[in-house]
Amino acid sequence: MNVVLLGPPGSGKGTQAKLLEDEFGFIQLSTGDMLRAAVGAGSELGLEAKKVMDAGQLVSDEIMVAIISERLDADDCKGGFILDGFPRTVAQARSLDTMLVEKGLKLDAVVEVCVNEEILAARIAGRAEESGGASRSDDTQDVVKKRLDVYREQTAPILPFYKESGLLKSVDGMVAIDEVAKSIRTVLGLT
Ligand code: AMP
């Protein structure tokens, strides 16, 4: 099964993607994780991405589309994948559509994890605290606010795009992790 998980930063989509990977073997493709790996490796992409990420902005569509396109060609994606953090703009969503057709693949569903933004900001701040200094450099309060603004302005417009194609399902992301997991399995018909 090929799925997109959509939701603002801190909505728990990464956690849910990981749970789906563990249970069903669909591969979690987190563009945030890929970029952080590039930053950690000190590659040219990483150096460029770090500046953008630390400002809470988005890395260019061109770079992100190229990264995902290459990743989807790997054998481990053949049994299904969960896109976590991609697409993040309407342009990325359109490019994803095109590349999936070219690769002979299709999406089965797009799941929106719905959350309350105020509670979310507190959740992300808590994540920074919990990590005891090893927190993500983009988890500071100002950057979190910026990332939420960017989500509202650039990513949320993807929702009508997928609604029109009939792929969009929504789940409540404000309940316990296992409850969210259950709802996602239900909307995906995995129960
Ligand atoms: P995430 O871990 O998904 O919250 O992503 C962390 C940061 O990586 C984002 O704030 C962006 O700067 C960058 N990023 C991740 N995925 C994308 C994407 N699909 N398009 C543009 N930038 C991205």
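Q: Which residue in S5 does Val 110 stand opposite?
A: Leu 168. Bear in mind that this is a predicted model: local features need pLDDT of at least 70, side-chain atom pairs count only at pLDDT 80 or more, and totals for chains, interfaces and linings use all residues. Residues are numbered from 1 along each chain as its sequence is written, and side-chain values use heavy atoms, leaving out hydrogens and water.

Q: What makes S4 and S5 a pair?
A: Pairing takes at least two bridges found by DSSP. S4 (residues 109-114) and S5 have 5 bridges, in the parallel sense, so they count as paired. (Strands are DSSP E runs of at least two residues, and helices are H or I runs of at least four, numbered from the N terminus.)

Q: Why are S2 and S5 called edge strands?
A: The open sheet of 5 strands runs S2-S3-S1-S4-S5, with parallel pairing. Strands S2 (27-30) and S5 (168-172) each pair on one side only.

Q: Why is H4 called roughly parallel to H5?
A: Their axes come within 10 Å and cross at roughly 30°. Angles under 35 degrees count as roughly parallel, so H4 and H5 get that label. (Axes are lines fitted to C-alpha atoms over the stretch in contact, with angles from 0 to 180 degrees between N-to-C directions.)

Q: How do you know which residues of H4 and H5 meet?
A: Contact means heavy atoms within 4.5 Å. On H4 that picks out residues including Met 64, Ile 68 and Leu 72, and on H5 residues including Leu 96, Met 99 and Lys 103.

Conventions
Parallel < 35°, antiparallel > 145°, perpendicular 65-115°, else oblique.
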